Amino acid sequence: MMRSVIISFCLLAAAGGAARAADVAAGKAAYDKSCKSCHGADGTPNPAIAKMMKVDMRSLGSAEVQGMSDAELKKIIADGKGKMRPMPAAASSAGDIVAYIRTLKK
Ligand code: HEC
């Protein structure tokens with residue numbers, strides 16, 4: 001519910017030509033394309049990937065990940081983390097993807 005409210009608000013803001021901070025819809029499109037295969041549609045990690053890479057992946061909606069600042073998340077998206085260096089390239093701006101990741105909060 002809250003999520004759709006946030007998304008509609010952003011779509012309205014974009015349609016109205018309001019100052020464009022981050023574009024959740026563009027972030028979602030990029031996430032679906034570049035991240036979903038490993039991080040899941042709702043941020044829940046794909047167990048096969050975690051097993052294959054022998055890492056303990058955290059859900060992107062978890063308090064640990066949501067507790068990181070936008071700057072930290074952007075850095076991970078740009079530079080990668082742990083065994084994923086770099087994180088497979090994001091076509092869209094990291095800011096848009098971070099805005100989308102914020103909607104995955106549990
Ligand atoms: C090929 C699989 C794969 C793809 C594609 C991928 N990731 Fe990851 N990602 C991982 C793995 C594995 C980790 C955990 C790395 C570690 O902790 O060693 C990770 C970690 C992360 C983290 C840190 C989470 C934490 O627990 O601290 C973020 C944020 C993240 N990925 C975002 C993204 C975004 C955004 C994209 C798309 C642009 C993306 N990833 C694409 C596999 C992937």
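This note sets out numbered points on the fold, the ligand surroundings and selected residues of the structure.

1. Basis of the model. The model is predicted: local features require pLDDT of at least 70, side-chain atom pairs count only at pLDDT 80 or more, and totals for chains, interfaces and linings use all residues. Residues are numbered from 1 along each chain as its sequence is written, and side-chain values use heavy atoms, with hydrogens and water left out.

2. Overall composition. The chain comes to 7 helices and 0 strands, where helices (H or I, at least four residues) and strands (E, at least two) are DSSP runs numbered from the N terminus. Read from the N terminus, the order of elements is α-α-α-α-α-α-α. Of the 106 residues, 32% count as buried; buried means under 20% relative accessible area, exposed over 50%, and partly exposed in between, with a 1.4 Å probe and protein chains only. Among the contacts (heavy atoms within 4.5 Å) with a separation of 6 or more, 52% are accounted for by residues 24 or more positions apart.

3. Helix 6 spans residues 70-79, and its buried residues are Leu73, Ile76 and Ile77. These residues lie on the same side of helix 6 because they cover an arc of only 95° around the axis, the arc being that of the directions from the helix axis to the C-beta atoms. The face turned away from this buried side carries the exposed residues Ala71, Lys75 and Ala78. Helix 5 (63-66) and helix 7 (94-102) are included in what covers the buried residues of helix 6. Glycine 80 follows helix 6 and has a positive phi, near 90°.

4. Packing of helix 7. The buried residues of helix 7 are Asp96, Ile97, Val98, Ala99, Tyr100 and Ile101. They pack against helix 2 (24-34), helix 5 and helix 6.

5. Which residues come nearest to the ligand? Of the 22 residues around the ligand, these are Cys35, Cys38, His39, Arg58 and Met87; a residue is near a molecule or strand if one of its heavy atoms lies within 4 Å of it. The space taken by the ligand is the largest pocket. Helix 3 (36-39) and helix 6 are the elements that give two or more residues to the shell around the ligand. Helix 6 gives the most, with 3 residues. On a 1 Å grid over the protein atoms alone, a pocket is an open set of points with protein on both sides within 12 Å along at least five of seven lines, whereas a cavity is a set of points where a 1.4 Å probe fits but cannot get out; lining residues have an atom within 4 Å of a point. A molecule sits in a cavity or pocket if more than half of its atoms lie within 2 Å of its grid points.

6. A nitrogen atom of the ligand lies 2.7 Å from a polar side-chain atom of histidine 39. A side-chain N or O atom of arginine 58 is 2.7 Å from an oxygen atom of the ligand. For lysine 83, a polar backbone atom is 2.9 Å from an oxygen atom of the ligand.

7. Histidine 39. Is histidine 39 buried or exposed? Histidine 39, found in helix 3, is buried, with a relative accessible area of 15%. Not counting residues up to four places away in sequence, histidine 39 touches Tyr31, Thr44, Pro45, Met57, Leu60 and Met87.

8. Tyrosine 31. Tyrosine 31 has its place in helix 2 and is buried, with a relative accessible area of 1%. Leaving aside neighbours within four places in sequence, tyrosine 31 is in contact with Lys36, His39, Gly40, Ala41, Gly43, Leu60, Tyr100 and Leu104. Tyrosine 31 and isoleucine 97 are 66 residues apart in sequence but 6.4 Å apart in space, C-alpha to C-alpha.

9. Isoleucine 49 belongs to helix 4 (residues 47-53) and counts as buried, at 17% relative accessibility. Isoleucine 49 touches Ser37, Cys38 and Met57, residues up to four places away in sequence not being counted. Lysine 54, in the loop between helix 4 and helix 5, counts as exposed at 69% relative accessibility. Its phi is near 55°, a positive value in a residue other than glycine.

Technical notes: Polar contact = N/O pair within 3.5 Å; in protein donor to acceptor, adjacent residues only side chain to side chain.
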